[in-house]
Amino acid sequence: KPIIRIATPQDKVQLEQNKLKEKNAFEIAVQKIKKHNLPMNLLEVEYTFDRSKALFYFSADNRIDFRDLVKDLATVFKTRIELRQIGVRDEAKMLKCFGSCGRQCCCSTFLSEFKPVTIKMAKDQNLSLNPSKISGACGRLMCCLNYEQSAYEELWKDTPRQGSIVKMPNGSDGTVIDANVLTGTIRVIASDTEAICTFNKNELKVIKHALLSDDNNIPKEIKSLIKD
């Protein structure tokens, strides 16, 4: 939002008064929601600075018909009422949740927008496809999977993936069974002897690349994490 002017002492007093009115409006709105028996979770109430409008943020599993609730709230507060249904990622941002790292979620501290996060990122970074380990407080894939993705993509350009067919230094063919993209070490099972050997990626020549699929062998509970 644009900066208009420096806040005056009167502005600061009004801001504090607005916060008190928001707290009172929240308590009243919760009672009204129960009265109308609506399946919604009120998260926050925000007044515009001049109190010309009150915004009520809520989450719900489905669309809510809140027309009667709006009329009821408008009668109580004598101002314009706007109800906004937000998603689970916005809910975590608003509630200032904490992540598995022990710090406050990135979305509520410095992220200004939500970028897409995919299962491919977790695969590229050799992370466990365990929902409890790769999902954030919002229940979706963690935003921080984005941070190092570009580096992993660069490393995978010359690192054979699991399932790739390679030629080993002794001239025999083998199949990649494991690849550490950070260290560049590759474990290969020989096609003729079935012996398992470890090489540096520079020692191998790729005959056939294995492709990474976003959809194959991904549990349903993992796929649900990427929904908006």
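How many disulfides does a search of the whole structure find? The search finds zero, a disulfide being a pair of cysteine sulfur atoms within 2.5 Å. Select cysteine 97, which is in no disulfide and whose nearest cysteine sulfur, that of cysteine 105, is 5.4 Å away. Then select cysteine 143, also in no disulfide, where the nearest cysteine sulfur belongs to cysteine 107 at 6.0 Å. Cysteine 143 has a relative accessible area of 18%, and it counts as buried because that term means under 20% relative accessible area, with exposed meaning over 50% and partly exposed in between (1.4 Å probe, protein chains only).

Before going on, note that this is a predicted model, in which local features need pLDDT of at least 70 and side-chain atom pairs count only at pLDDT 80 or more, while totals for chains, interfaces and linings use all residues. Residues are numbered from 1 along each chain as its sequence is written, and side-chain values use heavy atoms, with hydrogens and water left out.

Next, select helix α1 (residues 9-36) together with helix α2 (residues 67-77), whose axes come within 10 Å and cross at roughly 140°. Here axes are lines fitted to C-alpha atoms, for helices over the stretch in contact, and angles run from 0 to 180 degrees between N-to-C directions. Helices (H or I, at least four residues) and strands (E, at least two) are DSSP runs, numbered from the N terminus. The contact, meaning heavy atoms within 4.5 Å, is made by residues including Ala25, Ile28 and Ile33 of α1 and Leu69, Leu73 and Phe77 of α2.

Stay with α2 and colour its buried residues, which are Leu69, Asp72, Leu73 and Phe77. They lie on the same side of α2 because they cover an arc of only 115° around the axis, the arc being that of the directions from the helix axis to the C-beta atoms. These buried residues pack against α1, β1 (41-47), β2 (53-59) and β3 (80-85). Turn to the face of α2 directed away from its buried side, and you will find the exposed residues Arg67, Asp68, Lys71 and Thr75.

Lysine 78 is found in the loop between α2 and β3, and at 69% relative accessibility it counts as exposed. Most residues other than glycine have a negative phi.

Finally, select glutamate 194, in the loop between β6 (185-190) and β7 (196-200). Glutamate 194 has a positive phi near 60° although it is a residue other than glycine, and its relative accessibility of 60% makes it exposed.
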